[in-house]
Amino acid sequence: MNSFYVTTPIYYVNALPHLGHAYTTILADCANRFHRLLNEKTYFLTGTDEHGDKIVQAAEKNGEDPKSYVDKISARFQGLWPELGVENNAFIRTTFPSHKRCVQRILQDVFDKGDIYFGEYGGYYCYGCECFYTEKELENGLCPDHLEKPTYIKEENYFFRMSKYQDWLKEHILSHPDFIQPRQYRAEVLAMLREPLDDLCISRPKTRLTWGIELPFDQRFVTYVWFDALINYVSALGWPDHELFRTFWPNAHHLVAKDILKPHAVFWPTMLKAAGIELYKGLRVHGYWKVDETKMSKSLGNVVDPLEMRKKYGLDGFRYFLMREMQLGHDGSFSEQALVSRFNADLANDLGNLFNRSLSMARKYFQGKVPQSGAWTAEDREIVDRGLRTMHDYVQCFQDFRMARGLETFWEFIRGLNKYIDLSAPWKLRKEGDMDRLATVMALVLAGLRRTALAVWPIMPDAGQKMCAQLGLDFRPEEIDLIEEAGNWRQLQPGTALAERSNLFPRQEFILEQEQITESKSREQEPEPAEAGYEDFQKLQLLTGKVLAAEKVKGTDKLLKLEVDLGEERKRTIVAGLAKDYAPQEIQGRQVTVVANLKPRKLRGILSQGMVLTVHTPSGLTILSPEQDVPPGSRIS
Ligand code: MSP
C-alpha cells in the first residue's frame, strides 16, 4: 500500500485564523481525502508555530504571558479545523516537549558534524520577519516585506553552513523536476541559487529573546524560529525511529503559499541534508487570496472569516469555491458575489439539477429502484468512455494538487451527463413504451452519478456522503480506488432503492433576478451621465474573451447565450442582447470584450456572468473587439 503525507505550514499564533489559513488547510484536506480514495495510507499534519519575537509582542499587547497566550490562540486554530470539515491526523505545536527534544537533537547532530559555527554578524534586522537582511536586500532602506526601517544589529551568533549545500541543492532541484512545483516557483528558487547563498544565522541571544528553544550546546542562546518551526514536519512523525516516520516521510508533500517559499525550498532541504535526513518529496506552492484585488489585512478591515462564510453559504459551497476558483500557483480573488455565482452555476444548476432530475425520473419510471441495463448504443459507449477519461484526467490533476483544473474537467462530464439525458429524452422513451432503452439510459446515468459522488467527496465531504446515501451506497473511502474507476465503469446494483428526491444545493438567494432586459433608450433621450471618478472606472474588470459557443435563448428573439473563454481556465456563460444582429454561428470563435466582474443576473432562467461590450450604430449593434488576435483574459484599461 502506498503512503501519502501532507502538511500545511504551522501557523503563527499572533493572529486569529482567516481565509488564507483556511485555504491551505482545506487544500491539504482535499488532497488527503483524495489520496484515501486512491486506497493509500495517508497522514495529514497541521499545527501552530509558537516561538519568537512576534509571538512575545502579541502576548504583551494582550497583557498575557506567552504561554497562556499561545495556548489560547492555538486552541482557536485547532478548534476551527473540524468546523471546516478538515480531518487532520495530528496537530503539532512547537511548544510540545517532544518537538523541543527533536529540535535540540538535530541541532546537536548538525553542530557535531561541524555545520554550525560561532561568529559575529552585523545586519539589518526586521522584527516583523524575524530575520536579518543585507543592505542589498533592502528596498530604499526598508524591509521589502513590511516596508519598515530595520534595526542594524551587530552581535555574536551561531550560523548554519547553508552555503556549503548550495551546489548540491541546485543539482537536486535540476534533477528532480517535481521537487518544487508549479514551475514558476521552481524557477524562482533556481534564480535565488544563482546568487551566492549566505550562511543562516540560527540563534538569538537570550539577552534579546528568551521565548524559544535553547541551543543544546550554548545556553546563552535560543533557536531562530524558522530552524525550530521547519523541524515540526519530522518531529510530529517521531523522527528518527518511530513507525510513522518510516512509513510517511518518504512521501512527504509540503503545501505553502508563496510568502514562505525560501525557508521551505532553501533552508529546509539544506537543514535536512546536513542532519542526514532524506529530503521531502515535494513542495507545492500556491498564490495569495486577495479580496477585491487587494491584500487581506486587519488594517484594511477586509479579512475574511472562514466560519462566517461557512455559516452563510454552507461548508460544501465554501470549500468548492475555494478549490474551484484558485489555480495552483496564481493569486485568487475572493468575493461573495463570485462565490454565489459559482455556487448557483456549478452546484445548484449543473450538479444539483442532475441529481434532482435523475432521482425524480427513477422514481417515476422505475419505482425508485435501479433498473437493469440492456446493451449499450454508440451514444452510451461515448458517454461511458468520457466518464472513464474524465476520471483519469481528474486523478492526474488532483495528484498534482491542481484541484481547480480537475474540477473543471469533471464538471464537463457532469454537463455531458445532463446533455446525454436531454438527447436520450427518457420522457419520450417512456411515452413510446421503449422500457428497455429507458432502463439502459437510467442505469447509465445513475452509474455516472455514482462516480460523480466519489469525485466530489474530497472537496465536499457532506454532499459526497449524501449523494452516496441517495444512491443507496454504503460509502467507505477505504474500499474505493479511483485509479481503478478510471478504467472500469461500475454500474449500481440493479434493484437498489434510491432516495425519492435529492435537493442537495438549493440556489443561493441574493442573485439579482432580472427576467427582462431593459430596452436601451435612444442616445438622444439619455441624460448626460454623471461624472465618474477614475476609481469608479477601476472597479470594472474589463477583459478580452473568445466566444466558444453561441446559441439562441429559447422564447426570445433578442438574446444569445454565449460560452466565453476568459483565459486562465475561466469560462463564463453570458447572455447578450445580440440575437437580432448576429447569428450564433457568426459570433462563435470571435474575440469580444467583456465586463467580467458585473453582478451576475438571471435572464430567461440563465445566469449571466458578465457583459459583452457592443457599439451602438444606426444599423444595429457591432461587437467591440481588439484589433489583433490577443490571448483571452487580456486586461483592458
Ligand atoms: N509560521 C510560519 C510558517 C512555518 S512552517 C514551518 C508562517 N505562518 S503564517 O501564519 O504566517 O502562515 C502563512 C501561511 O498561511 C501561508 O504560507 C499560507 O499557507 C497561508 N496564508 C496566509 N495568508 C494567505 C492568503 N492571503 N492567501 C493564501 N494563503 C495565505 O508563515
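Student: What should I know about the model before I start?

Tutor: The model is predicted, so local features need pLDDT of at least 70 and side-chain atom pairs count only at pLDDT 80 or more, while totals for chains, interfaces and linings use all residues. Residues are numbered from 1 along each chain as its sequence is written, and side-chain values use heavy atoms, with hydrogens and water left out.

Student: Which residues of α17 and α18 make the contact?

Tutor: Contact means heavy atoms within 4.5 Å. From α17 come A453, L454 and V456, and from α18 come G464, M467 and C468. By class there are five nonpolar residues, one polar and no charged. In this scheme Ala, Val, Leu, Ile, Met, Phe, Trp, Tyr, Cys and Pro are nonpolar, Asp, Glu, Lys and Arg are charged, and the others, Gly among them, are polar.

Student: How does α12 meet α18?

Tutor: The axes of α12 (residues 315–325) and α18 come within 7 Å and cross at roughly 115 degrees. L315, D316 and R319 in α12 meet P461, D462 and A463 in α18. That contact has three nonpolar, no polar and three charged residues.

Student: Where is the kink in α13 centred?

Tutor: A bend at a residue is the angle between axes fitted to the seven residues ending there and the seven starting there. Helix α13 (residues 336–366) has a kink of about 40 degrees centred on G352. Just after α13, Q367 takes a positive phi of about 50 degrees.

Student: Now the sheets. In what order do the four strands of the open sheet lie?

Tutor: Two strands pair if DSSP finds at least two bridges between them. The order is β5-β4-β6-β8, with antiparallel pairing. β5 (131–133) and β8 (200–201) stand at the edges, each with a single partner strand, so one side of each lacks a neighbour in the sheet. Ten bridges join β4 (residues 116–126) to β6 (residues 151–160), and Y117 stands opposite F159 in β6.

Student: What is the order of the three-stranded open sheet?

Tutor: It runs β9-β11-β10, again with antiparallel pairing. β9 (residues 203–205) pairs with β11 (residues 218–223) over three bridges, and S203 stands opposite T223. A hairpin joins β10 to β11 through two residues.

Student: Which peptide bonds are cis, and where does each proline lie?

Tutor: Most residues other than glycine have a negative phi, and most peptide bonds are trans. The bond from Q181 to P182 is cis, with omega near -5 degrees, and P182 is in the loop between β7 (180–181) and α6 (183–192). The bond from W239 to P240 is also cis, with omega near 5 degrees, and P240 is in the loop between α8 (232–235) and α9 (243–248).

Definitions and conventions: Axes fitted to C-alpha atoms, helices over the stretch in contact; angles between N-to-C directions.
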